[in-house]
Amino acid sequence: MSNQLPNEARVIPLRPHGARSPGAPPRQAPPAPAAREPLWRDLVGDVLRRERLAQERTLKDVADEARISMPYLSEVERGRKEASSEVLAAAAHALGLGLGDLLTRAQGELTRLTSRYAAGSRRGATTSSHDGMCLAA
């Protein structure tokens, strides 16, 4: 048997951690994470919950009238489940709304929220808004 050292790599840094070499460009801060657009299921769930609370109704009351389980309606309201159009229509009707009313309100929320993202993250980029002026040479 020999008295050799274990076969391990030994790393010796050439400069202290975080130090820059002379003439190197300054380090820039990492870019801020892009804001996430909201998910459709979150928007629809928020609309359902707001309407239910505005009517001062319980989750059980609306679920019973819609003929869906209370835990499932709770999951839909919290954006945890992608509900089918049948389930959304049943929940909307239980609240006195049509499916179109529910989806229109969710679309309004989507438009309102995404206009914030567009204004902050795409400066100078074209958007779907037509309230500006176009100049052509």
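## The nonpolar core

A: In this predicted model, the largest nonpolar core holds 22 residues. Val44, Leu48, Ile68, Leu73, Leu88 and Leu102 have the most contacts inside it. H1, H2 (59-66), H3 (70-77), H4 and H5 (99-121) each put at least two residues into this core. H4 gives the largest share, five residues. In soluble globular proteins, nonpolar side chains tend to be buried together.

The protein chain has five helices and zero strands. Read from the N terminus, the order is α-α-α-α-α. Of the contacts with a separation of 6 or more, 61% join residues 24 or more positions apart. Buried residues make up 24% of the 137 residues. The chain exposes about 11000 Å², and carbon and sulfur atoms supply 54% of that area.

Take H1, residues 40-54. Its 15 residues should span 21 Å at 1.5 Å a residue, and its end C-alpha atoms are 21 Å apart, so the two values agree. Its buried residues are Leu43, Val44, Gly45, Val47, Leu48, Glu51 and Arg52. An α-helix has 3.6 residues a turn, so residues three or four places apart point the same way.

Setting aside residues up to four places away in sequence, Leu48 touches Val76, Glu77, Leu88, Ala91, Ala92, Leu95 and Leu102. Leu88, Ala91 and Ala92 are among the buried residues of H4. Leu48, Leu88 and Leu102 are themselves among the residues with the most contacts inside the core.

H4 covers residues 85-94. Val87, Leu88, Ala89, Ala91, Ala92 and Ala94 are its buried residues. After H4 comes Gly96, with a positive phi near 80°.

Beyond its neighbours within four places in sequence, Arg52 is in contact with Arg57, Thr58, Leu59, Val62, Glu77 and Leu95.

Next, H2. Ala63 is found in this helix. Ala63 counts as buried because its relative accessibility is 1%. Its contacts, leaving aside neighbours within four places, are Ile68, Ser69, Met70 and Leu73. The C-alpha atoms of Ala63 and Leu73 are separated by 6.3 Å, although the two residues are 10 apart along the chain. Ile68 and Leu73 are two of the residues with the most contacts inside the core.

Finally, two loop residues. Glu56 sits in the loop between H1 and H2. Its phi is positive, near 55°, and Glu56 is not a glycine. With a relative accessible area of 75%, Glu56 is exposed. Arg67 is in the loop between H2 and H3. Its phi is near 60°, again a positive value in a residue other than glycine. At 78% relative accessibility, Arg67 counts as exposed.

Note on methods: Residues numbered from 1 in each chain as written. Predicted model: local features only at pLDDT ≥ 70, side-chain atom pairs only at ≥ 80, totals over all residues. Heavy atoms only, no water. Buried < 20%, exposed > 50% of the residue type's maximum accessible area, 1.4 Å probe, protein only. Helix = DSSP H or I, 4+ residues; strand = E, 2+ residues; numbered from the N terminus. Contact = heavy atoms within 4.5 Å. Areas by Shrake-Rupley, 256 points an atom, 1.4 Å probe, with all protein chains shown as cover. Expected span 1.5 Å × (residues − 1). Core = buried A, V, L, I, M, F, W, Y, C linked by side-chain atoms within 4.5 Å.
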